[in-house]
Amino acid sequence: MSQRNRLGTGGRIDRTRPLSFNFNGVSLQGFAGDTLASALLANGVDVVNRSFKYARPRGVMAAGADEPNAIVQLGSTEAGQVPNVRATQQALYNGLVAKSTNGWPNVDRDVMGLLGSLGGQFMPPGFYYKTFMTPASAWPKYEQYIRKAAGLGRSPVESDPDIYDHMNHHCDVLIVGAGPSGLAAALAAGRSGARVILCDEQEEMGGSLLDSRESIDGSPAAEWVATVLAELATLPDVLLLARTTANGYHDHNFVTLHERRTEHLADLAPQANGRRQSRARMHKVRAKRVVLATGALERPLVYGRNDVPGNMLAGAVSTFIRRYGVIPGKTLVLSTTNDHGYRAALDWHDAGRTVVAIVDARDKPDGDLVAAARSRNIRVISGSAVIEAQGKKRVTSAVVAAIDIEGFRVMGSTQELGCDTIASSGGYSPVIHLAAHTGRRPVWREDLFGFVSGGVPGQIAAGGVNGRWSLRDALEDGFEAGARAAAEAGLNAVTVTPPAVAAVREGKAVALYEVPHTKPTMRAPKQFVDQQNDVTAAGIELATREGFESIEHVKRYTGLGFGTDQGKLGNINGMAIAARVTKQTIPETGTTVFRPNYTPIAFGAIAGRHCDELFDPRRYTALHASHLERGAKFEEVGQWMRPWYFPRGTESMHDAVQRECRAVREGVGMLDASTLGKIEIQGKDAREFLNRLYTNAWTKLEPGKCRYGLMCKDDGMVMDDGVTACLAENHFHMTTTTGGAAGVLDWMELWHQTEWPELEVYFNSTTDNWVAMTITGPKARKLLAEVADIDVSAEAFPYMDWREAKVAGVPARIFRISFTGELSYEINVQANYAMHVCKALFEKGAKYDLTPYGTETMHVLRAEKGFVIIGQETDGSVTPEDLGMQWCVGYKKPYSWIGRRALSRPDTRRTDRKQLVGLKPLDPKVVLQEGAQIVLEKEIKIPMPMYGHVTSSYFSPVLGHGFALALLKGGSERMGQTVYLSSGDGSLHAAEVVSPVFYDPKGTRHHV
Amino acid sequence: MLHIYCPHCDEHREEEEFRSKGEAHIARPPEPESASDEDWGNYLFFRKNPRGLHHEQWFHAVGCRKFFNVTRDTVSYEILETYKPGQQPVVTAESRNGSASDKGAAK
Amino acid sequence: MSDVATFNAHPAVAVQAESPLAISRITVATLTSAQGAGVCVREHALLGHLILRGRAADEGFRAGVEVALGLPLPLKMGPVSRDAERGVSVQWMSPDEWLIVVPQGEDYATEARLREALSGHYAVMQVSGAQTVLELSGPSALAVLMKSAGYDFHPRNFPVGKGVSTTLAKSTAVIRRVGEAQWELIIRRSFADYLYRWLLDASEEYGVFVAR
Ligand SMILES: [Zn+2]
């Protein structure tokens, strides 16, 4: 196929660089500088897609982000698949492969089209809801079929080999849009010395100036663009980002920009300088001021069958001719409500093709462009509009009639004008999406027939988005906005004299949101309002008649402005139609809410480099190399990578844990306890602070001693626990749970800073400074004696004491505390020396078969002793007494410590609260399920009152049976009772309620 | 993403450096043991949820690790002031009396 | 026993000390020399790190710190007091908290000097095992920071000599500008491997050299 619609000259394409591409399996040619859409039009491809719901043939309609139809699936390989790409925004590259998004089996012969062609009666709004509602069980089948036939592209099933990244910015002035206003604003702000970011979504900066008929300073507008960009490039604090869409506008002028870095080059990101580069980059910009220079989108006219390929926006026709050297047809009828639309006819005529007629809705069109058309002897039909297009896969003629806009009716007879293209212009809609993302409601301007920004703090709108359509106004507005933004950002703004632009006399436009037809809307041929979502004027009318009168309901019922479209073309017309039917004004009807993103972006760009190994930080202790060497399997605890268990050979997890448990009970084991939170506390009021923070008393704890402490929130519920050592009179070393570390420190700061600033105490995290190695088991003392330089006898170093010593030559603090119930020492050394000490322990420990163990064994051992784990036995609704830990509550302490008052509230005093108990399954082989609910009766009935749940459950090698900890209503009164728990397979397990301390209840083993 | 001025660091910082800690100026009753159950319940559990002006406590978790207060409009998310613990807000619902966003403020 | 228990963490005998990066593997493409590198990464391992707490308003406290460290105490967020020659720096972390970095092995002696010079309500804590220093330099070091943190690193907001504590990727860091294109990142031990790999990944496109 040749490029039969390519003009001989003109356009910003490079005719010396032909490019090959493939569309729906057909090989085609274009040029560098083309978009996929311009190349398709150059090749005379009329049908580029099937519509979403009715599967009607559709062609290119617009030239930019507003394109509703030419949405394609890109990619030559499975991994490189990209859905929902607008052909109008995709730069052509050699080897590009694209397919129509919809159309099954293909765009020319489509199964759904049969259904769609039967008309609106068969697929009204709510069609899917109404038709496939019953039976509910069949929906998955319906869905399968519907998804196959209609949809918006598909995700690749292979991993995306490309990378994406993020970059943060701060600037004085962010300018969104590099058309006339944006460039002017950038120049004014840039010359003022402001830190400026100028972004534009298109391949080239310049916006409308790239296809303008006007001159700036006596030269073509595009030359001014080049001059301005060259100057901006020399300013060190100005960042120019082409191919970058401002997609989301967030609080306090935080704007997310999506830069497509390689999508114009190839399917997959090519390397740069021999190194990989990101395919797309999300820029996160915090701007002191934002200049919104996003311009305006042309509004199509809503007339019968306005979706047949060949129906286009007038501005798009001009853009294809002037920017890409492509003329999308032979014979044109233009239907317009304003002067600006005339440019399409002038460009068409000047390209040497036939303009059949300009159909102007105004009775007396008048203005410089109208005069220019008349001087070319183009036929102008006034007071009229195209009311219907003829043709199936391409326009064959336009049906034209005189219309009464006020009366919403056609007057007199119709005439049919043969043509293959109908361009329409219904005026402009300012692109206010970014002014609305933070929730500000747009404001209707009757003089513009459009919504403008409702005003966002720190945001200045300039040019088309303000309704300043003419080039002169847009430039002036831009310079003003740039200078104002710089001044408001605190700079000395310079004033820039706008360049000379000839004034264009413009006739007044009229509003025409729906073109009347000879038939009423409900029976007229489909008049599309939103082509991407297949929403018609009749659909909106039906929705309002069915009671969906709020515009937000109309949107959801019909799909108007849904998804990737975000109301770019159809919103104003749709709202105006809803307003007409509900007999309201447009401002009364209001707009729907615009949401980020303005155009679709890849999930990869949102994730950036926060994926795979960098998805979440993994924290390692200083002993990690040792764990790897000993074959540890790891468990993520918070962000920490903790050894879970250490299998030997092909040992199963169960076997490894049983062996590790026995080693601790019979010999000696070693646990890396470094992840426990550690907080160093200094100050003369440190002790008083602990008294207020912990539930138990700290007044008498002497230097050299340790104590277990329990912390509550002020509601009396347990929040953390741990052992704190008195290092000196005014000096304590606190430990917290691994997960609670950061929260406990914040908690202490909160109370100190806001309630008790008078207490002289300081605390800081020392978690990462220390490595804690726990050696535990009957042989722990013998091992310690071999590595430590102090007397470790029971007399010299009793339980709950700490000592300073040298372990393998390294200064250490050794805490004689136990979380296993066995004789235990926790050796703390500065982390940089930890590996040395660890190696020495295993060297000396070999003869005692020193066994490394992980978190799973730690859990079993502590549960055998009835030691709770915060967050496992507790869930924020458990008091110390619920845990049976009254021994740890200092009711006699003089200060009303955190949580104390709440413990005397009626709810915390209830005797039927859930209390910690042990459960011993009657069948010793049974290991109850953690989380299993407890019931009191064997017979299942409904309702079945539930009395509690299992919090921890394991098999104990030392006990020889399964056992569990549980929270049970009134549990302390139920000792010896039999309760029942779900087994998970429909049957119940019986278990006896017992004390939660299963092993060595007298505590003789660690007191040796 | 709010941009929050920390009165301790004397700089605006990104929201990700901070933690929101709920309503500001919740004072612990000075004599807890003589407080009624109802008063203690109110102190523990009852918080304002106004539409409009709100005084909140924030924590500069990744910066100076200090607490401070923020007067924020919960509708527009505009931050009107930040101030240190122990200080009182300058901007209050009363001082902004008559502004539209305070209407319908819940107790 | 005294009010506070001091602790010299360093062994008197020769013991192999390990930086937090001892376990880190480099998985990105690196250059073999600094020549042409956009970013150079170098660890300053095993330095002495201390936390100092106290009352900035207390004249005696300020004077005592200056005597002990030979550097003025910074009284607001931003400028870091530094004696590059001696390898000593003090940074404001909070209205009552400062970070002191000294050469390897000098943390204990520094604490002793501070305790000798100070009285009243203050605290000194050693955290030398808890953190390490990464130096990023080169023409693209700034871009790497912009890819990693939301703070404003532009010279107007971040002149040479400034230091801040902020987020870095999904962790945190103390970041100091040592020269126009030279930065120090003080990162926590347990997050060091994550941050190191994050930074190398972000540096790769500019050409990165890892100095040993
Ligand atoms: Zn702060």
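**Close-up views of a predicted model**

Buried residues account for 50% of the 107 residues in chain B. Keep in mind, as you look through these views, that the model is predicted.

View 1. Follow the chain along its sequence and you will read the pattern β-β-β-α-β-β-β. Along its principal axes, the C-alpha trace spans about 40 × 35 × 20 Å. Take the contacts in chain B with a separation of 6 or more: 49% of them come from residues 24 or more positions apart.

**View 2. How confident is the prediction for chain B?** The average pLDDT of chain B is 91, and 91% of the residues score at least 70. Now look at residues 100–107 of chain B, where pLDDT stays under 50. For this stretch the model has 16 contacts beyond four places in sequence. A word of care here: where pLDDT is low, the predicted coordinates should not be read in detail.

**View 3. Four residues of chain B hold the zinc ion as its protein donors.** Which atoms are they? Look for SG of Cys6(B), SG of Cys9(B), ND1 of His60(B) and SG of Cys64(B), lying 2.0 to 2.4 Å from the zinc ion. The angles among the four donor atoms run from 106 to 119°, and the site is tetrahedral. Along the chain, the donors follow the spacing C-x2-C-x50-H-x3-C. Cys6(B) belongs to strand E1 (residues 3–6) of chain B, while Cys64(B) sits in the loop between strand E4 (53–59) and strand E5 (67–73), so this pair ties together parts that are 58 residues apart in sequence. Both Cys6(B) and Cys64(B) are buried.

**View 4. Two strands of chain A, E18 and E19, run side by side in the parallel sense.** Strand E18 (residues 331–336) and E19(A) pair over six bridges. To find your place, look for Val333(A), which stands opposite Ala357(A) in E19(A). Is strand E19 (residues 354–360) of chain A mostly covered or mostly uncovered? Mostly covered: five of its seven residues are buried.

**View 5. Gly464(A) sits in a loop of chain A.** The loop lies between strand E28 (459–461) and helix H11 (471–488). Gly464(A) has 12% relative accessibility, and it counts as buried because the cut-off for that label is under 20%. What does Gly464(A) touch, leaving aside residues up to four places away in sequence? Its contacts are Ser181(A), Gly295(A), Ala296(A), Pro430(A) and Trp469(A). His258(A) is 206 residues from Gly464(A) along the chain, and their C-alpha atoms are separated by 22 Å.

**View 6. A span of chain A carries a named domain in the UniProt record.** An unreviewed UniProt entry places the feature "domain: SoxA A3" at residues 525–609 of chain A. In the model, this span is 44% helix and 6% strand. The C-alpha atoms at its ends lie 50 Å apart.

**View 7. Seven strands of chain C form an open sheet.** Trace them in the order E3-E9-E10-E11-E8-E1-E12, and note that the pairing is mixed. At the edges you will find strand E3 (78–79) and strand E12 (208–211), each pairing on one side only. Within the sheet, strand E10 (residues 171–179) and strand E11 (residues 182–188) of chain C pair in the antiparallel sense over five bridges. Arg176(C) stands opposite Glu184(C) in E11(C).

Methods
Residues numbered from 1 in each chain as written. Chains lettered and ligands numbered in written order. Predicted model: local features only at pLDDT ≥ 70, side-chain atom pairs only at ≥ 80, totals over all residues. Heavy atoms only, no water. pLDDT = per-residue confidence, 0-100. Contact = heavy atoms within 4.5 Å. Donors = N, O, S within 2.8 Å, 3.2 Å for Na, K, Ca; no water. Tetrahedral: all angles 85-135°; square planar, octahedral: opposite > 155°, others 65-115°. Helix = DSSP H or I, 4+ residues; strand = E, 2+ residues; numbered from the N terminus. Buried < 20%, exposed > 50% of the residue type's maximum accessible area, 1.4 Å probe, protein only. UniProt positions renumbered as here; feature names shortened; annotations may be inferred. Pairing = 2+ DSSP bridges.
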